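Colleague: I am new to reading structures with several chains. Could you walk me through one?

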There are 4 protein chains.
Amino acid sequence: MTPPEKNQPSDLPKHRVRDAEATKLRILEAAKKEFSQNGLEGARVDSIALEARANKRMIYHYFESKENLFKVVLEIAYLDIRTQEANLNLEKLPPKEAMITFVRFTWDYYIKNPEFITLVNSENLCQARHIRNSPLLQEVSQKFVSRIQAILDQGAREGVFRPDLDAVQVNITIASIGYYYFTNRYTGSVIFNRDFLSPAALKERLAFNTDTILRLLCL
Amino acid sequence: MTPPEKNQPSDLPKHRVRDAEATKLRILEAAKKEFSQNGLEGARVDSIALEARANKRMIYHYFESKENLFKVVLEIAYLDIRTQEANLNLEKLPPKEAMITFVRFTWDYYIKNPEFITLVNSENLCQARHIRNSPLLQEVSQKFVSRIQAILDQGAREGVFRPDLDAVQVNITIASIGYYYFTNRYTGSVIFNRDFLSPAALKERLAFNTDTILRLLCL
Amino acid sequence: MTPPEKNQPSDLPKHRVRDAEATKLRILEAAKKEFSQNGLEGARVDSIALEARANKRMIYHYFESKENLFKVVLEIAYLDIRTQEANLNLEKLPPKEAMITFVRFTWDYYIKNPEFITLVNSENLCQARHIRNSPLLQEVSQKFVSRIQAILDQGAREGVFRPDLDAVQVNITIASIGYYYFTNRYTGSVIFNRDFLSPAALKERLAFNTDTILRLLCL
Amino acid sequence: MTPPEKNQPSDLPKHRVRDAEATKLRILEAAKKEFSQNGLEGARVDSIALEARANKRMIYHYFESKENLFKVVLEIAYLDIRTQEANLNLEKLPPKEAMITFVRFTWDYYIKNPEFITLVNSENLCQARHIRNSPLLQEVSQKFVSRIQAILDQGAREGVFRPDLDAVQVNITIASIGYYYFTNRYTGSVIFNRDFLSPAALKERLAFNTDTILRLLCL
DNA sequence: TATGAATGAGTGTTCATTCAT
DNA sequence: AATGAATGAACACTCATTCAT
């Protein structure tokens with residue numbers, strides 16, 4: 001916990017380099033961690049500063065307020081998942097493989113980015129007041145839905161998917177069956193008396209989910 | 001149980017007892033509201049006392065601490081959903097109807113008890129530390145899973161359901177596709193540019209979910 | 001500075017008596033002192049709590065905010081000077097004696113209540129935003145002006161005062177020649193190289209002021 | 001002084017010097033504004049830097065500290081009023097006209113330099129600790145008092161003024177009846193229910209004050 | 001000469017909790 | 001059973017000031 005360099009006073013300057021951009025990034029990283037572990041109300045600005053090896057004052061200098069810092073963290077998180085998803089180039093795959101890939105990507109993203117889920121939960125607890133008026137997020141989201149709808153339509157034309165599938169409903173379902181599993185993994189472990197995060201359990205659940213979606217989509 | 005003494009003003013001792021119980025109930029009701037609206041960290045003991053028309057000291061008298069009050073609220077919430085579900089007597093219905101009824105019940109419960117979802121989210125944010133060691137909850141949950149497993153098995157025997165369906169996976173999926181829709185309805189409204197709670201949207205989603213589950217279960 | 005009772009642990013309870021009214025009064029007294037010595041911005045809530053032998057939390061419990069505490073202190077101060085002035089029963093004296101008494105009272109009040117002047121200065125620095133909408137103060141002030149006007153009118157009828165004297169202008173002048181002397185006594189001491197508060201200086205100034213007012217009022 | 005080099009872009013060295021001086025002046029001007037609006041404690045170094053279009057570091061470079069900046073602002077303010085007053089050349093006027101001119105000048109100065117009053121109030125709030133040991137101010141002030149005393153003495157010799165008038169008392173009274181009117185114009189507006197700054201009110205008050213002083217001085 | 005980055009000590013304020021009755 | 005008074009630790013946020021370039 002306490003830094004081991006205590007007795008080497010000349011070792012490290014108090015702040016590594018005067019690098020505004022790096023400091024901002026360290027703060028954002030620390031904030032994501034703190035907010036996702038403790039929620040918006042539970043997060044402590046002091047903890048964020050400490051974790052970021054930054055001064056508390058810097059947080060207010062760069063981000064104005066705890067609320068706004070949360071907003072920025074949240075926007076970056078949303079942009080990240082949408083960007084990674086876009087980079088899958090699903091439209092270049094056959095529809096069925098595209099959707100299987102998408103289900104797997106969503107699942108993997110939740111595993112690799114567990115903060116995403118708790119951040120979104122925090123935002124919903126306060127009725128999405130931080131992103132409510134974010135045109136950037138709306139634009140990105142719209143493109144995202146359109147991409148999935150194009151795949152569903154293409155699948156329908158090719159005769160592999162049911163016609164008239166609504167991309168919004170399908171998206172929600174794909175997100176649901178992964179999201180719920182992770183967000184409720186602690187109470188789930190108690191109620192279902194299982195380790196939700198064991199490799200076997202993860203593998204089984206992903207297979208179950210892929211099957212569920214294929215049954216939903218295919219003729 | 002005991003007849004209502006409402007019109008017996010001289011029955012003071014009993015009234016006192018009843019008042020104590022009533023105070024506890026008011027505190028629990030107020031706590032459920034406050035915790036569900038603001039999360040565990042965001043909830044304020046003062047607000048609970050005010051809303052319950054009780055003295056703050058009473059909360060500590062009856063429930064020891066804010067944490068413990070949360071735990072009690074949570075346990076009651078879990079017991080309530082499990083009790084209501086048990087009262088459906090699903091085992092008396094044909095398997096397919098039983099599962100359709102269960103899907104609809106789960107959906108309706110989330111609508112009528114929106115606090116349930118946010119309470120569960122709060123509990124998962126702190127890694128289920130309040131219910132982790134609750135034998136009561138574990139027992140109730142085990143019975144719940146068994147009931148669903150019995151229905152699935154019966155359906156399989158009757159040739160309407162696929163064989164070897166795992167009640168845990170099915171349960172999780174049924175809960176998921178409703179739970180996610182409600183817990184993320186605020187960010188969802190922004191991202192999908194829809195009113196998640198309009199009667200038409202609710203009706204459409206329930207139909208979509210029922211269809212999803214039937215495709216998952218049936219041969 | 002440090003309390004001498006340190007080594008007598010059983011001597012004093014942390015809070016003397018559970019007396020809300022007394023606590024409020026101690027806070028008000030301490031606040032008057034702190035605000036008058038350091039201004040609204042310079043005053044420290046911590047210092048007020050310490051001086052009042054109260055907990056900082058109590059200040060917020062009883063007065064909501066530092067700003068509101070200042071407002072209450074200010075209102076009490078204004079009510080006090082107006083009440084004391086009303087208790088002089090100036091209307092029972094002959095007009096000339098009444099005005100001499102009033103000049104002396106104003107002067108003495110500033111001497112005995114040096115906080116009054118700095119509180120008023122603080123309020124003017126922030127453009128009287130705390131008392132701007134105080135109907136109580138307006139009512140009390142109106143009565144005050146009326147009383148002085150009545151004396152001036154009576155003096156005019158008796159042929160000792162000039163006719164048509166405006167009570168507002170006279171009041172301002174009477175207040176001015178005392179108020180300025182005290183509020184600027186520190187810079188005044190530097191500029192005029194005098195001790196403004198020596199008994200001789202005070203006596204001389206009061207005589208000068210009384211003379212000034214009589215020359216202003218009398219035919 | 002030096003001719004304006006505005007149109008000589010290659011005269012860089014001189015420009016740099018002029019810029020430094022200009023920066024200092026902008027800081028002083030901004031500081032006067034900020035200190036007079038918010039008091040010493042309420043003033044913000046950031047706000048001064050912003051208003052002066054200067055870097056915060058420059059303030060410390062040129063003025064060492066916020067306290068010292070306040071001191072410089074204050075000294076300049078005092079020198080300004082004394083310089084302007086000296087430039088009136090009152091000694092060249094007949095005594096009565098000289099004093100009427102002086103009353104009017106004092107009044108006008110307060111109107112044109114409203115910051116002066118609040119700066120002086122701030123200095124008195126901290127017991128004149130910034131100018132207490134300023135020999136320059138003391139010297140200037142002494143000359144100022146002597147000039148007024150000379151006029152009063154001359155008036156006495158000419159038989160228009162009362163003999164033995166004390167320039168300090170007269171000065172204080174002249175300053176008082178203008179200063180108080182302006183420093184307390186906000187609380188005054190509430191208490192006396194008048195607009196203190198309307199042209200009519202200003203005109204009436206100046207006339208009243210001139211009359212008051214003439215009654216005080218003349219035989 | 002000038003500047004943006006960085007800081008520690010404090011600021012008003014809030015909180016869950018306990019005391020005294 | 002019930003309550004208002006009281007508290008200390010912590011909270012988000014701010015400030016004058018200094019560092020590094």
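**Chains, contacts and cores**

Modeller: Gladly. Keep in mind that this is a predicted model. Start with chains that stay apart. Chain A and chain C do not touch, and their nearest C-alpha atoms are 21 Å apart. Chain A and chain D do not touch either; for that pair the nearest C-alpha atoms are 13 Å apart.

Colleague: How do I read a contact, then? How many residues does each chain give where chain A meets chain B?

Modeller: Count residues on both sides. Two residues are in contact if their C-beta atoms lie within 7 Å. Here chain A gives 42 residues and chain B gives 41 residues.

Colleague: Which elements of chain A give two or more residues to the side that touches chain B?

Modeller: They are α1 (20-42), α6 (114-125), α7 (135-157), α8 (167-183), α9 (185-192) and α10 (199-217) of chain A. The most comes from α8(A), with 11 residues. By class, this side of chain A has 19 nonpolar, 17 polar and six charged residues.

Colleague: And how many residues does the contact of chain C with chain D take?

Modeller: It takes 41 residues from chain C and 41 residues from chain D. On the side of chain C that touches chain D, the largest share is that of α8(C), with 11 residues. That side divides into 19 nonpolar, 17 polar and five charged residues.

Colleague: What classes of residue make up the surface near DNA strand E?

Modeller: That surface has 21 charged, 13 nonpolar and seven polar residues.

Colleague: Last, the cores. Why look for nonpolar groups inside a protein?

Modeller: Because nonpolar side chains tend to be buried together in soluble globular proteins. In this model, the largest nonpolar core has 95 residues. The members that touch the most others are Ile48, Val73 and Tyr180 of chain C, and Ile48, Val73 and Tyr180 of chain D.

Colleague: What does Val73(C) touch?

Modeller: Leave out residues up to four places away in sequence. Val73(C) then touches Leu28(C), Ala31(C), Lys32(C), Phe35(C) and Leu119(C). A second, separate core has 93 residues, including Phe63(A), Val120(A), Ala43(B) and Ile117(B).

Note on methods: Residues are numbered from 1 along each chain as its sequence is written. Chains are lettered from A and ligands numbered from 1 in the order in which they are written. This is a predicted model: local features need pLDDT of at least 70, side-chain atom pairs count only at pLDDT 80 or more; totals for chains, interfaces and linings use all residues. Helices (H or I, at least four residues) and strands (E, at least two) are DSSP runs, numbered from the N terminus. Ala, Val, Leu, Ile, Met, Phe, Trp, Tyr, Cys and Pro count as nonpolar, Asp, Glu, Lys and Arg as charged, and the others, Gly among them, as polar. A nonpolar core is a set of buried Ala, Val, Leu, Ile, Met, Phe, Trp, Tyr and Cys residues joined through C-beta atoms within 7 Å. A residue is buried if 20 or more other C-beta atoms lie within 10 Å of its own, exposed if 12 or fewer, and partly exposed in between; C-beta atoms are placed from the backbone.
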